[in-house]
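Here is a quick tour of one model, with an eye on a helix, the sheet behind it and some charged pairs. Have the coordinates open while you read.

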Amino acid sequence: MAVLPIISESKEELTAIFKDLHAHPEIGFTEARTAQVVAEKLREYGVDEVHTGIAKTGVVGLIKGKGGGERRIGLRADMDALPIHEESNLPYASKNEGVMHACGHDSHTTMLLGAAKHLAKTRDFDGTAVLIFQPAEEGLGGARGMLAEGLFDKFPCDEVFGMHNWPNGEPGKVGICKGTAMAGASFFDIKIKGRGSHAAMPQQSRDPLVIAAMLVAQIQTIVSRNVAPLDSCVFSVTQSNAGSAYNVVPDTATLAGTIRYFKDEVCELAETRLRDLCDGMARAYGVEIEVDLRNIFDVLMNDSDLSDAYLEAAADIVGAENVSDKAEPATGSEDFADMLKVVPGSYCRLGHGGTVPLHNPGFMLDPEILPVGASIMARVVERRMPAGGA
């Protein structure tokens with residue numbers, strides 16, 4: 001690994017930052033402590049401008065290169081954690097009950113801080129590096145919040161690059177899927193309003209729990225019988241709630257979940273069929289069913305040419321044999337997609353020694369990868385805005 005010297009020398013510092021952030025995770029839009037750490041470090045490193053409070057807790061730093069050029073390259077990292085109780089048994093495990101960095105956003109934040117330190121000290125580029133520390137990536141609309149507050153109007157970028165850790169046991173392997181890279185997602189909530197009764201006299205009820213159970217099964221037919229076999233769609237019911245006593249048929253039941261897709265027309269079809277199924281169930285059983293559907297993530301589209309440029313920068317750090325543009329599309333979602341709809345760019349996956357899946361209570365990120373990710377981020381800025389305009 002050809003880790004950049006300043007970043008290599010800062011390995012212990014970066015590891016300490018990562019462990020501190022991991023031990024103090026914060027849910028989206030509440031990342032006050034994390035944002036404070038980020039802002040303090042950026043100022044310590046000599047970043048020219050540090051702007052805070054964007055979409056509540058977002059931070060943006062600006063570093064001007066030696067040449068004073070007009071080009072501007074954005075680097076983005078997310079900061080938020082998940083509502084998961086940590087079971088990793090790490091010595092620096094979460095101290096915040098029920099909150100955990102189970103997706104490695106603490107590492108992304110640390111990597112971008114490492115890149116900031118290198119870029120602020122060397123300034124071996126011609127233009128401005130725009131460092132974007134985003135809140136609330138985990139389904140709460142942090143990217144859209146920053147965009148709504150004028151992110152790219154106040155801090156315009158010609159290109160923007162993001163990165164995500166990938167727990168595949170292959171440290172330093174960098175992959176990019178050109179074009180359609182990650183799924184879009186809609187979240188849904190379904191509320192079934194029936195009629196409760198004594199559990200011994202169910203004939204007096206209109207049992208919402210039974211209807212909810214049938215809906216869970218029927219929803220799966222949307223993919224198997226409505227979506228074309230060559231199109232991709234994932235329908236997952238992830239929450240089911242009803243009742244509070246053994247001897248009471250409840251009045252209401254609720255379901256919630258997600259739709260993942262790679263084509264907008266597939267999402268529209270799936271949403272229409274979900275509403276149709278709920279309407280049919282309501283009429284058949286004489287109950288009320290409310291459906292709330294919300295688009296949360298757009299489909300992430302990687303620019304082909306900028307993906308090549310990103311891989312070239314990564315190859316400088318990890319070697320050409322460790323980069324690939326053949327990564328498979330992922331059915332997971334990422335709200336960096338919203339930024340890529342406004343500014344062209346690319347999003348890569350950085351492998352590390354961990355193998356426990358993302359969003360798992362036992363997830364562990366290998367800190368050895370921190371200087372690698374930081375170096376790749378810094379290198380893409382230097383390559384895309386070379387000093388002297390070469």
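Some ground rules before going on. This is a predicted model, where local features need pLDDT of at least 70, side-chain atom pairs count only at pLDDT 80 or more, and totals for chains, interfaces and linings use all residues. Residues are numbered from 1 along each chain as its sequence is written, and side-chain values use heavy atoms, with hydrogens and water left out. Helices (H or I, at least four residues) and strands (E, at least two) are DSSP runs numbered from the N terminus.

Eight strands make an open, mixed sheet in the order 1-2-4-3-5-16-6-15; strands pair if DSSP finds at least two bridges between them. Strand 1 (49-54) and strand 15 (323-324) are the edges: each has a single partner, so one side of each is left without a neighbour in the sheet. Helix 9 (residues 304-318) packs on this sheet, touching strands 5, 6, 15 and 16, where contact means heavy atoms within 4.5 Å. Within the sheet, strand 2 (residues 58-64) runs antiparallel to strand 4 (residues 128-134), joined by six bridges, and glycine 61 has leucine 131 as its bridge partner.

The buried residues of helix 9 include Leu306, Tyr310 and Ile317 (buried is under 20% relative accessible area, exposed over 50%, partly exposed in between, with a 1.4 Å probe and protein chains only). Besides those sheet strands, the buried residues pack against strand 14 (300-302) and helix 11 (370-384). After the helix comes glycine 319, with a positive phi near 95 degrees.

**Charged pairs**

There are 26 salt bridges in the structure, each a side-chain nitrogen of Lys or Arg within 4 Å of a carboxyl oxygen of Asp or Glu. Three of them:

| Pair | Closest N and O atoms |
|---|---|
| Lysine 263 and aspartate 231 | 2.9 Å |
| Arginine 383 and glutamate 312 | 3.5 Å |
| Arginine 379 and glutamate 382 | 3.3 Å |

Arginine 383 sits in helix 11 and glutamate 312 in helix 9, so this pair ties together parts 71 residues apart in sequence. Arginine 383 is partly exposed at 36%, and glutamate 312 is partly exposed at 43%. Arginine 379 and glutamate 382 are both in helix 11, three residues apart, about one turn; glutamate 382 is buried at 9%. Glu312, Asp316, Arg379, Glu382 and Arg383 are linked in a salt-bridge network.

Technical notes. Axes are lines fitted to C-alpha atoms, for helices over the stretch in contact, and angles run from 0 to 180 degrees between N-to-C directions.
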